[in-house]
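The report that follows describes selected features of the structure shown below, moving from local backbone geometry to the chains and their contacts.

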Amino acid sequence: MSTRGKYRLASLAAAALVLSACSSGGGTKASSDVLQVGSSAVATLDYSKSNYGYANSLGNLVLEPLVVTKQAGGFGPWLAKSWTQPNPTTYVYKLRTDVKFSDGQPLTAADVVQSLDYYKADGSLVAFNFPSTLKSIQALDSSTVEFKFSEPYPAWNSTLSGAALGIFEKKFFEAHKSTFGQPGTGVIGTGPWQVDSLDATTGAALSANKYYWGGKVPYSKINFSFFSNETNEAVALRTGEIDVAFPQDPRAFASTAKTKLTTAKTGIDKVEFWMNTLVAPWNDIHVRRAVAYALDRNALVNASGVVGSPLDTVIPRPLLLQLGTTEQVNTALDGLREYPPDLTKAKAEMAQSAYPHGTTVTLATVKAVSTTSQAVVAELSAIGITAKLETQTDEANNAELTSGNREAIHSQVVPVGGSGIDPGLAYDYMFGSANAKAGGWNGTNWSTPEVDKLRAEGLRESDPAKRLAIYAQLIKQYADAEPLVPLYTKNQTVALRPGYTWPDFGADSLFNEGPWPLWLKRGQ
Amino acid sequence: MARQTEIVSTRKPRRYAPRGLAIGFCFVVAGGILFLAIFGPLLAPQDPNAQHLQDVLAGPSSQHWLGTDSLGRDVFSRTIVGAQLGVLGPLVIAVGSFAIGNLLGLWAGYRRGWVDSLVMRWVDLMWSVPTLLVLVVAAGAVGASYWLAVGLLVILSAPFDTRIIRGVVMEQVPRPYVEAARTVGVSGRRIVFLHIWPNVAPVAIANSFLVFASSLVALAGLSFLGLGAPPGTPDWGLMLSESQAMLFVNPVATLAPALMIVVTATVANLIGDWFDEYLTSRMGAT
Amino acid sequence: MDWKDWATFVSKRLAALVVLFVVLSFVTFALMYVSPGTVVDVLLAGRPRSAATVHALNVEYHLDKPFMVQYWMWVRDALRFNFGSSIQTTLPVTDEIKARLPTSLLLGVYAYVLTMVSGIGLGVLAAFRNKRAVDRVVVAGTVVGLSMPSFVAGVFLLFVFAVQLPWFPAFGKGDGGLDTLWHLTLPAVALAMTSAAYVLKHTRAAVLGVLQQDYVVFARARGLSNGRVIRVYVLRNALIPILTISGVLFSYLIVGGVLVEMTFSIQGIGQLLVQSATAKDLPMLQGVVLLVSAVIILVNLLTDVVYLIADPRLRLKHG
Amino acid sequence: MAAGGLDAVLTVRDLRVAHIDGPSSRTLVAGIDLTVRAGETVGIVGESGSGKSLTARALTGLLASNLSATGQAVFEGRDLLSLSEREWRTVRGRGIGLVLQDPFTMLSPTMRCGDIIAESLPPGRRSTRTRRAEVLRRLVEVGIEDESVMDRYTFQLSGGMRQRVGIAAALARNPSVLIADEPSTALDVTTQKEILELMTRIQADRGMALILITHDLRVAFAMCDRVHVFYAGSVVEVGESKELDALPLHPYTLGLLQSEPPVDHRVAKLVTIPGAVPRPDDVVDRCSFAARCQWSSEVCTSAAPPIREISAGRLTACARIDEIEDELREARQLVSVPASKRGFERAGTTIISAQAVSKVFGGSGQKVVALDSVSIDVGEGESVGLVGESGSGKTTFARLTVGLESITGGHLLIDGIDVRDWRALKRADLRRLRQTVQMVFQDPYSSLNPARSVGWTLAEAVTTHAPDTRSVERRVGELLASVGLSPDDAQRRPAVLSGGMRQRVAIARALAAKPRILVCDEAVSALDVSVQAQILNLLTSLRDDQGIGYLFVTHDLSIVRQVTDFIYVMSRGRVVESGMTDDVLNAPQDPYTIKLMESMPRPDGAWLGR
């Protein structure tokens, strides 16, 4: 079942994987090296056109990025074997020379330039990945690509590692412009598998790319089956019709599929409680703090049915680990105002507010987080806030949050997707005064000049230690004013049929990038 | 023409009518469901909206007879309270569509002429638009709403009622008792409401029960698709949809609302059939 | 009725179809227009959005034009059978529908055949065994069947016949041919349950009615074989009223299919309808709405034609 | 009676039919004995509910599944009642044929006539051509020469044609016994005569045995060699037609004969049988007629009297026949005595005055001329007959006079008010018209609102005309009393009343407006003969007591003869003849009237040319 797109940003394979489920076509039983994957439907492999169907989980197997995140942190080479930064505003990437597309053509810098230019164009749904400071993308020679910026942009590798920016073949693209990525045409990529057939209504069949530069591919065929209903997908896993699935509602899935889930320890998709600080009662800091004390994050995770980690910071701590060790992060966050679940304190804050006897409010919610919203409503009632839930369609909710009428924005439980794994970049689009305007996502409408300054500095600064300090400061600012209550992250899960293992799934990294079946093991 | 009638040839084609015990049982069950619908909140052992986040998806226990849902709410209490929406919406639809259908049907069937053409064009239009299509499009545009669906179903069911009532009225109008009333000098309004309607009523009332049953199913279906009652409402369709995934953990939590839907609809259908038979036979074969 | 009458009859109905198309498409368009959120909110979902991208999308989807102009542009294209591309999937609406229509039609026809075969078969059986045990059982089943929503039946069948007893596949439409039939069996059964009960109820009543008719008595009195009496007298006369409801039933099965399509993860027209309606995918929604109403009107037209052919009383009334 | 001679084709002994409802059973037909010989016509006569149709169904194995027949019916050496359904199929059509009452419902509307006959032919392969030729031959036998009938649907044929097709189909397998269940009842008189003549001829030609079931004694006497009189599920009397006609040996038969108005003369007063037919199940242990019989005594109610032979071929179930035979003979003579001619002058005020009235149905498309320049007058206190067959326009005219239709041409004055368009009338005029003319409808089963009690219906009629009536209840009681009902009947619903009682209620409703003219549209034709006489007597007495005038719309000349002074004969929308009733009926001038007179059933074989 498709849910909403907000936390499902195309730049991240992880987000895609969470939602995808895939499997082999129903009838044909798996031979030893055929993998059956359950997934929601994929309509096109053109990332610029569609956010529908999480093309990336399928696309990851076909289209590869220049760089990837490393399990140990930082970035590693993939299609680019190395990169340099001749000056603070220029990046130069050297491509591998042994990479061939699945039609046998070698990968060249021209393919990379074409791909990224295409993604960057106005009207492309993934254009937001490219900062306005990016001046040019150029092929210096057949295996070198240069990116020029108008000011320093340290998060660039993070952007490039996004799965939705996978490189496709220029020649093929130019020959099939009008139907590029669609069923019947598809794409030509360098990944370990190539798409043999795609049908948005049933599934896709992939076979191994015989030119794959990474060596032998573990599964000669991968069949995706598309599901519109996760219960159904779970039943299919239970009956052995699929081997792998990435459930959205893991608890229900596990019970129906009768399987244990493999789960990641953290994720970048958050669920938060946003309070519109422009309107009463949320313009009262005591009310906001009371709410923060009242909301029991552990209980909310439990209620939501997802695998998740309670949050106490607006930027999840694991993201900060890119900038420093656990200790350094803890030190930097020293003095953070914390809100452990505590009804007494919550009531005390309420007593100090303008609403000592409570108040009545209307909260908006969308279907994807309606369970959490209901739990929040129950918890708010404990401090005298009577909340009425108004379920909105995703579009209506998006339109409201980005509208120019900022006072009309409901306070709400909201899923927030990370738009990258860079701690500064990930949630930047909902911070600051610039985003508290029409078209911006700052639904709390809270900001201070200090916040705006920290945002700008953080994205220009390349020294990790300094960036850590900047973001720690930002987190503390948020915790003090508490315009929003971070509730929990949704962590990725995978359901595997007995006999399959995924040893490193979520082990110590944030995300599993790239052609994930390479890491899926069969047998004990 | 003389026309002798003999026992053999005057028997009306009969519809199945459950009798005696069976119908008595139906009324008891219907009464029970109605009782739940009215006094449900008082009867429910627990607050149907009270959450126990530490005790979610529990199986049946002495405290929660049917277990708890994903927010730790008592399924038993929710099933009981669910009777409220389960009965209320369909009742509003049945009554609303009954009122509209009877008025328009009597009007069109008795007056004929342009009134009839106009009403029938409208009925034809509604007839060619599938209910579910309208409900889905409306819910997509405006967002899921139980009362929107109820309102639409009133409008969408009324043509069916109108068509049926009009047909029966047109059957009655040429009957001698109507003509006799006219020759006696009885006013048109009196003929329509006091002469014709009582003879149409069995069909109309029986039909309302069927409308009730089908609306119950339609509303439940809509909730099942997530286009009906808003999340968190104790609504049988929604509960079924929400608990479907938990079938293996706590089957009764899934079965209870499903059973309530089926039982309520069955009872309504049976009573509708029975009413038709009973009221028709009470006034003798016509 | 000569060919002129037929032509008038059919063309009147087709004219009604055109009127319905205009009404439906305009209402759908207007509903989507006034509902909160635009195509841009659908496409960009929760992403950061730049003014340039928003502007580009507004231009691409003509959102910068007034409402009537937008509608007119849609009509102009639709007249050329160009229904645009789906917002969700970017694929042409006609392709998307074409990909799903066969499955939905097959499911609908399968359920229709099940409905008719079991409804009429059991209805006739029950009528002939009136008041005996078989009749009572069948009638009791009918009432429950009428009250069993297809999604309840679907969930039930799925868990019994796909999970506990893995006789049928749990999802999808299979690879064509017999495999598809096998895949669609459980959904079709779930879908057909209510309609079969409905047909059964009406068939039984109609057959009981016809059995009382003098012409059946007279046919038997002439020593005609049982088979002939049932075929030529009972069925031919009893099924005429069933014909009139069969058209409505088919449209019910096509649209009502969404509930089992969901349960069994079959990508059909019903799902497309729900997806496009909830995701504000206007071009797709328009396409589906028009298609569904066209199918319904054509099926109804077809039933009426068959009805006219089957019942000489109506056919010869005018001539 | 001699147990079926050697030439008996069908011998029925102690046939009983019961309605089985779970453990309980209800007797519908009890102890019927019947013998039919080849070439013989046997009549079964009885009113509705007498069990005659059930007997026919039982003898063809076509009883409904909840009815069961016991006893013995020997046909071709086999006991029919013990046959299986499969064995029955070899008897039906081939051995015993059946023709039903209503040609409009007897033939499937979805089949062509040729196919109906073709499928009925004896099994065997035939080429299309021979089959067609055979069908045509069968049609010719029943008097249809027009080949195109084969390709027509039944609803495209007239009633008489349909019945001919039905007879041809029933005869297709050449049965040795044909049971005709009221074969002509649903038809017009002229057509009835044709059909009966046809059956007589075919029976004679084929030497076939015929069992004719009818409610009409005259028809039975005219057609049959012997007649069985049925009453409440059992046979009360058997005899040769002539003998029965001359001297009934059962009070019930006598009553029937007395109630039947003769067509050739008017009797002073029709003798009626009081009460109504009981349910067979209620009278199994007594003489079924005892409750209505003036000669009833203890012996009649202590046990069911067996039917016994009085003389050769004469059987009666009357236990006291020996004592009352003379009285019966005396009473029989009485009926035949004509009443003195009634002096009558058309001198009173004209209340309904129709001049060149025409009525055309249908708008721009097909037009049907129902009335074509019809002039009819009905005066104060007059009893005027309007006679014709279906389609003659007589009912249309009646409806014009009460506002159920409006004229399309000519002039219609009622009580001096010009009623060109009923809807355009002023309220006061309308009210006056309602109090001038009221109507009694044909079918008492549907002219009363089934959902309303008798009292409600009457009270409404009372308050409609006199809204300020003080005691509606008393007035309703009066009305009921005036039509011979008890005030207690006000509580009852029409469904529990007998046909005669319902028609009395309908009359009472019409009387509520205190009309000066009562239009009776076939007001007695749906009733049994004995009840019909009661109603006719009631109407006559109302006229005598209250001076009400009548417009009798009927197809039945004998009724007209009894109750009217002046008649109009209508055919195809025109008045073809009018005059004093006796003058017209005694010496008809118009060919149509003559034909009508000739078609009226007469209780002797000469009527059908036998």
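## Backbone geometry in chain D

Gly403(D), which comes just after α13(D), takes a positive phi of about 85 degrees. The model is a predicted one, and the angle is to be read as a feature of that prediction. The buried residues of α13(D) are Lys394(D), Thr396(D), Phe397(D), Ala398(D), Arg399(D), Leu400(D) and Thr401(D).

Most residues other than glycine have a negative phi, and most peptide bonds are trans. Against that background, Asp415(D) has a positive phi of about 55 degrees although it is not a glycine, and its place is the loop between β16 (409–414) and β17 (417–418) of chain D. Glu522(D), likewise not a glycine, has a positive phi of about 50 degrees and is found in the loop between β19 (517–521) and α18 (529–546) of chain D. Glu522(D) counts as buried because its relative accessibility is 4%.

Thr60(D) is found in the loop that runs between α1 (52–59) and β4 (67–75) of chain D, and it counts as buried because its relative accessibility is 0%. When neighbours within four places in sequence are left aside, the residues in contact with Thr60(D) are Trp88(D), Arg92(D), Ile96(D), Leu98(D) and Ile179(D).

Val292(C) lies in helix α12 of chain C, which covers residues 282–310, and with a relative accessibility of 4% it counts as buried. Leaving aside neighbours within four places in sequence, Val292(C) is in contact with Val255(C) and Ile269(C) in chain C, and also with Pro130(B) and Leu133(B) in chain B. The C-alpha atom of Val292(C) is separated by 9.3 Å from that of Gly270(C), a residue 22 positions away along the chain.

## Chain A

Chain A has 16 helices and 22 strands. For its 524 residues a compact globule would have a radius of gyration near 24 Å, and the value for chain A, 23 Å, agrees with this. The C-alpha trace of chain A spans about 70 × 55 × 45 Å along its principal axes, and buried residues make up 64% of the chain. Of the contacts in chain A with a separation of 6 or more, 70% are between residues 24 or more positions apart. The chain exposes about 17100 Å², of which carbon and sulfur atoms supply 51%, and the centres of its 46 positive and 48 negative side chains lie 3 Å apart.

The average pLDDT of chain A is 85, and 90% of the residues score at least 70. Over residues 1–30 of chain A, however, pLDDT stays under 50, although the model has 150 contacts beyond four places in sequence for this segment. Elsewhere in the chain, a cis peptide bond joins Ala280(A) and Pro281(A), with omega at about -5 degrees, and Pro281(A) is found in the loop between β14 (269–274) and α8 (285–294) of chain A.

## Chain B

The secondary structure of chain B comes to 10 helices and 0 strands. Its C-alpha trace spans about 80 × 45 × 30 Å along the principal axes, and 59% of its 286 residues are buried. Residues 24 or more positions apart account for 71% of the contacts in chain B that have a separation of 6 or more. Chain B exposes about 11000 Å², with carbon and sulfur atoms supplying 69% of that area, while the mean positions of its 18 positive and 15 negative charges are 15 Å apart.

Confidence in chain B averages a pLDDT of 82, with 91% of the residues scoring at least 70. It is lowest in helix α1 (residues 7–10) of chain B, at a mean of 30, and highest in helix α3 (residues 75–111) of chain B, at 90. The stretch comprising residues 1–18 of chain B has a pLDDT that stays under 50, and for these residues the model has 55 contacts beyond four places in sequence.

## Relations between chains

Among the 5 pairs of chains in contact, chains A and C share the most contacts. Chains A and D, by contrast, are joined by no contact, and their closest C-alpha atoms lie 46 Å apart.

Conventions: Residues numbered from 1 in each chain as written. Chains lettered and ligands numbered in written order. Heavy atoms only, no water. Helix = DSSP H or I, 4+ residues; strand = E, 2+ residues; numbered from the N terminus. Rg over C-alpha atoms; globule rule 2.2 N^0.38 Å. Buried < 20%, exposed > 50% of the residue type's maximum accessible area, 1.4 Å probe, protein only. Contact = heavy atoms within 4.5 Å. Areas by Shrake-Rupley, 256 points an atom, 1.4 Å probe, with all protein chains shown as cover. Lys, Arg positive; Asp, Glu negative; His and termini not counted. Charge placed at Lys NZ, Arg CZ, Asp CG, Glu CD. pLDDT = per-residue confidence, 0-100.
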